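Subject: Structure for you to look at

Hello,

Here is the structure I promised to pass on. Please open it and keep it beside you while you read my notes below.

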Amino acid sequence: MTDADGQVRPKRRLSRVKKWLLWSLGIALVLALAVCGVANYYLHRAEPMLRAALVDSLQKRFHSKVEIGDFRVSMLDGFWVEGRSLRIWLPVEAQQNAIAVNGAANQPWITGPWIVVDKLRFHASWHISPGQPIVVNVIHVEGVKVLLPPKEDRLNLSGSKSAGAGQAAGLNPNAAGPAGTENAATQPQAEQAPPAPVQPTATNSWLKLPRVVVKQIECQNAELIIEKGQRDRDKGKIPLDFFLSKATLFPDNNGGPISFAVELTNAKPVGLIHSTGKAGPWVPGDPGELPVEGDYHFDHADLSTIKGIAGMLSSTGHYSGTLRKIEVDGQTQTPDFRLQRVADGSGVPLTAHFHATVDGTNGDTWLEPVDAMLGHTHILARGKVVRVPEVHGHDITLQVNVDRGRIEDILHISASSETPFMTGNLSLATSFHLPPGEASVWDKLLLDGQFHLSQARFSNDKMQGRIVQLSLRGQGKPDEVKTTDPTTVRSDMQGHFKLGGGMLQLPDLQYQVPGAQIVAHGTYGLKAGSLDFDGDAKLDASLSQVIGGWKGFLLKPADKLLSKNGAGLDVPIHVKGTRKDPKFGVDFDRLGKTQKAAQQ
């Protein structure tokens, strides 16, 4: 509409603008719907294409069959990828060799996948520059299980020996193998045939993915199982099982070692091991040659999970070498080492520095040596700790030497009493054998060696009083018994010993105090403290000198009769009872007999 002078009215102009805006919005909406439709179409197309590309890449890497149970892709704020039930089989050539060795494909690592991943997910930016790799900051992996074949069957696990190896692994559909018609009749009969040879996955030529660079892999609940060969299974050996509660990997995208930080749950003693270091590169066909290096920290390890002992252990150290031969240097601290039956707070501090060689493929350990301090006692040990699969334990064999020590340190770990029943300087050399089994440590521990105890004193007043009497009367000083300080009389002991079943045997114990020597044999029970000894007390003084006074004068005619075996007085004795209530006595039926007659 126009007014009288021909001018366009404002209302008419606004109406045209409104129509133009409506048309623009409509066109934009249609375009948006079209874009969403196209994006939705390509998103659904991208999932199978990306899945096929990923499977194809893994198959070329492992030269084997690869499957992914579920695969989802989201393009909101970049690429979000999530996969479930990833499974990777052994190369076909490795399967064929395993069947040839074992005679049948009846093992889980032959018939089924050797790598299983429950879930994986990662995010990558959609800003991809030409010629630049796709950067994935973190791949989250949950529930990993790796079934590693026996050593004799680990052939071409990586399929990287040659191009011919790739064909043998099944990348060429015309290659001879389980699916080939020419060799089908010559293949060993199997309970279940291995997967068919793998063929390259068909992917669109335009979907050529750039190189992917992974900065970090976060893995939770990983399990590594090293299978045993047929010969080991016939001997009753079971697979090795390692569990990692958490592992963080930092790959070197140039093929170098992988940095890692792991948390490993140790079975016995129960505790958490934290370790950081580097591993790799992977050695095709022989994981035992995998280079490793790192540091570890083992904290709050509860020794009570080992039946018979108790205390809280912590350890730190450094290791390097290959998985089959790891050199470890470390130290341990146990502030309250003790037997399990001993009350808390009654233990003895135990510290140790050690050098060990560990076979990471089976857990066997060689100690070379262990330098330890138990309280004030210095212990040096060498030997080995070997896994015994038949009984799910370890067999420990050591040679132990104590060059300077205190007997009270040994007694403190086995008794709840704050005061040990004996003190003194100790030196010993013994073999140490701790076989596997469910029995308590002190019931199955085997020792065989010799010892020397000097400057010894009994804390039991009754027993020490008897020792004082023996010494003074043996010197012909019976009148000084009541006036002598008992702590001034010290004993000296030496001899061979054997420990087994919690019972200590002393076949040739020699016990000396000033004026007297006792040669005895018998047993001592570690648990109850039982005493059962027989022997001979040889005194320097004669019988009349031992008794003294007018009674001694009357006994002079018997001096010649009882001065046998080169002693002034030879008295057959016995010690019975317990360490808390010892009972001494004279064997009168052997009194006056020669040592030879007594032995007969």
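Start with a pair of serines. The side chains of Ser544 and Ser542 are joined by a polar contact of 3.2 Å. A polar contact is a pair of N or O atoms within 3.5 Å; within protein, one must be able to donate a hydrogen and the other to accept it, and residues adjacent in sequence count only if both atoms are side-chain atoms. Ser544 belongs to helix 9, residues 543-547. Helices (H or I, at least four residues) and strands (E, at least two) are DSSP runs, numbered from the N terminus. Is Ser544 buried or exposed? Ser544 counts as buried, because its relative accessibility is 7%. The cut-offs are these: buried is under 20% relative accessible area, exposed is over 50%, and partly exposed is in between (1.4 Å probe, protein chains only).

A word on the source. This is a predicted model, where local features need pLDDT of at least 70 and side-chain atom pairs count only at pLDDT 80 or more, while totals for chains, interfaces and linings use all residues. Residues are numbered from 1 along each chain as its sequence is written, and side-chain values use heavy atoms, with hydrogens and water left out.

Now the whole chain. It has 12 helices and 24 strands. Of its 600 residues, 39% count as buried. Take the contacts (heavy atoms within 4.5 Å) between residues at least 6 apart in sequence: 55% of them join residues at least 24 apart. The accessible surface is about 32900 Å², and 57% of that belongs to carbon and sulfur atoms. Those areas come from the Shrake-Rupley method with a 1.4 Å probe; for residues, only the protein chains shown count as cover.

Next, the inside. A nonpolar core is a set of buried Ala, Val, Leu, Ile, Met, Phe, Trp, Tyr and Cys residues joined through side-chain atoms within 4.5 Å. The largest one holds 105 residues, and Met422, Phe451, Leu453 and Met493 touch the most other members. Strand 4 (residues 134-148) gives this core its largest share, 7 residues. What does Met493 touch, leaving out residues up to four places away in sequence? Its partners are Met422, Phe451, His452, Leu453, Phe458, Leu509, Gln510 and Tyr511.

The charged end of Lys65 sits over the ring of Trp89, 4.5 Å from the ring's centre. The rule asks for NZ of Lys or CZ of Arg within 6 Å of the ring centre and within 35 degrees of the ring normal.

Then the backbone. Most residues other than glycine have a negative phi, and most peptide bonds are trans. Ser85, in strand 2 (residues 79-88), has a positive phi near 55°. Ser85 is partly exposed, because its relative accessibility is 28%. Asn221 also has a positive phi, about 60°. Asn221 is in strand 5, residues 212-226.

Which peptide bond has omega near 0°? The bond from Gly280 to Pro281 does, and it is cis. Pro281 lies in the loop between strand 8 (270-279) and strand 9 (291-302). The bond from Glu368 to Pro369 is cis too, with omega near -5°. Pro369 is in strand 14, residues 365-374.

Last, find Asn253 in the loop between strand 6 (240-250) and strand 7 (258-266). Its C-alpha atom is 9.0 Å from that of Val212, 41 residues apart along the chain.

Best wishes
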